[in-house]
Amino acid sequence: MIQVLRDIPARRIILGITGGIAAYKAAELTRLLIKQGTHVQVAMTEAACHFITPTTMQALSGHPVLTNLWISNQGINNQGNGSQESDNQSYNSDDGMLHIHASRTTDAIVIAPASADFIAKLAHGLADDLLSTLCLARNCPLIVAPAMNRQMWENTATQRNIQQLISDGVILLGPDSGSQACGEEGMGRMQEAAHLARDIQAFLQPKLLPKLLTDTHILLTAGPTYEAIDAVRGITNRSSGKMGYAVAQAALELGAKVTLISGPTALSAPQGAKLIQVTSAADMLQAVQQQVADADIFIGVAAVADYRATQTSTQKIKKGATKLSLDLLPNPDILGYVASLPKPPFCVGFAAESHDLIKHAHEKRLIKNIPLIVANLAQQAIGADDNELILIDHAGEHVLPRADKLTLARDLLKHIVALRHSLTHPIKVRA
Ligand code: CTP
């Protein structure tokens, strides 16, 4: 029987915030984690309170924030597995053992942002405030998302401390490279909240999810394609790749081997996926042809450009005073190719439509000869973190109500597992 993944009890984390400009991202991280069903208890260092207020974090997390080692009866609650809404009982720490009790009902402590100073404390086992004491007294995994100026990150002392944390079994998320609040460019930016929320969820979920896709190879296409016209111009579309990457993440959680063939996106691949980066539809088709032989399930999430320029110029085309026409050739249909193989994997397509959604999606499922198509409104999906999907198969339409893309991806995979099973093991009706 397929378990309803949305019914899994909430996981619990302590989110530790230390002093740094990236502390503002902890607000969004809290919001996203709660939305994904995680119970979040916030703990802040004194320095963190200079960047974002405990009041803000209390409002977002729904619980008083832990800030002081010496004050008892702070907001920790000790109910094992309830929901964010129902858990409002404060932990009574009259025995002065808050630093011990707090981590005992927690699945992980996440420090985001983790300043260079706090990382140094962790590396040396210092415990001179509530958060560092919680970390030292924990009996659960510690996840650290560093955030600092690039020189601080590159400093030998910080690198030595990071190596120490890695050898202590601490899980590091990031940092990223890019422009920094101080105006410099380089390594040290905290990963974006959505990226962190995804990886924290992935860390928390595997213990809960049945491994429905063990021994299953899922081949996915994601993102847009880019069809060059000249050295600097091309035809592409506004697909962000978020849905495809979420499906890859959800498949990994269920134990699948995942090959993700992706057009150009700004996303990083979920850990554990084999990422093959491509540019054009022709590249994508070639990569699919090379990977499809042992694929059990193919999911075409990519927004493949339907046309490419008949001729491309390696140099930039200069402007002229007269009309310029672009001659276009149709691109190969990658999903159509896979579905028409002699022994095709179980094929799933996406239909992004601007109008007549259901009608077009039904037609596409039949034309492409695939068991399942996922219909969604293009204007709602583009760039968004949330969406609403309609799954269309031989039995009809199944609505996945509006949710974040990872939740939708999990529900979609659950449906795929059930549908694939029912099609390969049809129920025999006795005469
Ligand atoms: N697809 C594909 N290769 C193409 C075009 C589409 O593999 N050249 C796949 C997409 O990944 C998606 C499905 O086919 O799973 C439907 O894509 P969509 O762009 O919605 O439809 P098209 O078949 O391109 O038709 P149209 O653009 O006319 O809606």
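Predicted model: local features only at pLDDT ≥ 70, side-chain atom pairs only at ≥ 80, totals over all residues.
P113 lies in strand β3 (residues 108-114). Residues are numbered from 1 along each chain as its sequence is written, and side-chain values use heavy atoms, with hydrogens and water left out. Helices (H or I, at least four residues) and strands (E, at least two) are DSSP runs, numbered from the N terminus.

**Prolines**

- A cis peptide bond also joins G174 to P175, with omega near 5°.
- P175 sits in the loop between β5 (171-172) and β6 (176-179).
- P146 belongs to strand β4 (residues 142-146).
- The C-alpha atoms of P146 and P175 are 5.6 Å apart, although 29 residues separate the two along the chain.
- P146 has 1% relative accessibility and therefore counts as buried. Buried means under 20% relative accessible area, exposed over 50%, and partly exposed in between (1.4 Å probe, protein chains only).
- Leaving out residues up to four places away in sequence, P146 touches A114, I119, W153, I162, L172, L173, G174, P175, G188, R189 and M190. Contact means heavy atoms within 4.5 Å.

**Helix α10**

- Helix α10 covers residues 281-291, and its buried residues are A281, M284, L285, A287, V288 and Q291.
- These residues span an arc of only 165° around the axis, so they lie on the same side of α10. The arc is that of the directions from the helix axis to the C-beta atoms.
- The cover over the buried residues of α10 includes strands β8 (217-222), β9 (227-228), β11 (257-262), β12 (274-277) and β13 (297-300), as well as helix α11 (334-339).

**Helix α12**

- Helix α12 (residues 357-368) has 12 residues, which at 1.5 Å a residue should span 16 Å; its end C-alpha atoms are 16 Å apart, in agreement. The expected span is 1.5 Å times one less than the number of residues.
- L357, H360, A361 and R365 are buried in α12.
- Their arc around the axis is only 140°, which puts them on the same side of α12.
- L366 and I367 are exposed on the other side of α12.
- β16 (346-353), β17 (372-377) and β18 (386-393) pack against the buried residues of α12.

**Packing of α9 and α14**

- Helix α9 (residues 242-253) packs on helix α14 (residues 405-424) at about 55°, with the axes 8 Å apart. Axes are lines fitted to C-alpha atoms, for helices over the stretch in contact, and angles run from 0 to 180 degrees between N-to-C directions.
- α9 and α14 are therefore oblique to each other. Angles under 35 degrees count as roughly parallel, over 145 as roughly antiparallel, 65 to 115 as roughly perpendicular and the rest as oblique.
- On the α9 side, the contact is made by K242, M243, A246, V247, Q249, A250, A251 and E253. On the α14 side, K405, L406, L408, A409, R410, L412 and L413 make the contact.

**Positive phi in loops**

- D215 is not a glycine, yet has a positive phi of about 65°. D215 lies in the loop between α8 (193-204) and β8. At 77% relative accessibility, D215 counts as exposed.
- D356 is not a glycine either, and has a positive phi of about 45°. D356 sits in the loop between β16 and α12. At 47% relative accessibility, D356 counts as partly exposed.
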